[in-house]
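Visitor: Hi! Could you walk me through this one?
Guide: Happy to, here it comes.

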Amino acid sequence: MENNQKKISKETTENETNVHKELTEEENQLQELNSASLSKVLEIYGEKDGESKICYGCRKPITLKNGSTLRFYNKRPVCDECFTEQEQGTDYEMTLGMIHSQIIEKKLHQNIISLINDSGLWIVDEIYRRLTDKEVDELLIKHKNDKDYEERKRYYLDGKHLLLCLAAINGVKKWKNLIGNQDPKVAKENDPKSLRAIYGTDKIKNGIHGSENNEEAEREVELFFEGVEFE
């Protein structure tokens, strides 16, 4: 993203525990899941005891050789590779992730949250709700002239979705690699372990949304997470 992109505010993690205020008994399972996910994130990043030696960028264990020094970026421990990327101008990127209602209704989202936590992506903030007609039009603006636009729009308007503001070094690419090709059939051929290959039904109902590029990521994150600040 551009250099004027705001930096991730540490305070945004506090919002995660307040996302699901008016859920039904069934939906409360999602609240418990994400509270557990947040605890795991805080523990991995050393927020609780300050002793973490897991890289904030790639989420891999940091191995310190004799005489080496633990490096930090934004007050978080990082490995030498991620620290070098940061020094060379590679900054943490935010991107939009969305788990569609079809997956949540089947209670399969727990697996996806776990994979996100293990992938090196950080859940900065989250929202669980229905999308408005205006939001869907704005989100899918690049598909406006597609012949299947109305079908795609109905899919985004159907049910409640889990919107995720995700961040990592090369976060846009990292999330795209994790979810796979937009068409689940292609995803199954090219990367059978990708999320769309596992959870997608067809090109429209592929189960997971992800920003296509850095420009789209910035636009989409601001569409749903206006309160998330980068400092």
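Visitor: Which element gives the most to the lining of the largest cavity?
Guide: That is β6, with 3 residues. This is a predicted model, where local features need pLDDT of at least 70, side-chain atom pairs count only at pLDDT 80 or more, and totals for chains, interfaces and linings use all residues. Residues are numbered from 1 along each chain as its sequence is written, and side-chain values use heavy atoms, with hydrogens and water left out.

Visitor: What counts as a cavity and its lining?
Guide: On a 1 Å grid over the protein atoms alone, a cavity is a set of points where a 1.4 Å probe fits but cannot get out, and lining residues have an atom within 4 Å of a point.

Visitor: How much space lies in the largest cavity?
Guide: About 120 Å³, counting the space filled by probe spheres set on the points. Its lining has 13 residues, and the closest to its centre are His143, Tyr156, Gln182, Arg196 and His209.

Visitor: New topic: at what angle do α4 and α7 pack?
Guide: Helix α4 (residues 109–119) and helix α7 (residues 171–179) pack at about 135°, with axes 11 Å apart.

Visitor: Which residues make the contact?
Guide: From α4 come Leu115, Ile116 and Ser119, and from α7 Lys174, Trp175 and Leu178; contact means heavy atoms within 4.5 Å.

Methods: 1 Å grid on protein atoms, 1.4 Å probe; cavity = no way out; pocket = protein on both sides within 12 Å on 5 of 7 lines; lining within 4 Å. Helix = DSSP H or I, 4+ residues; strand = E, 2+ residues; numbered from the N terminus. Axes fitted to C-alpha atoms, helices over the stretch in contact; angles between N-to-C directions.
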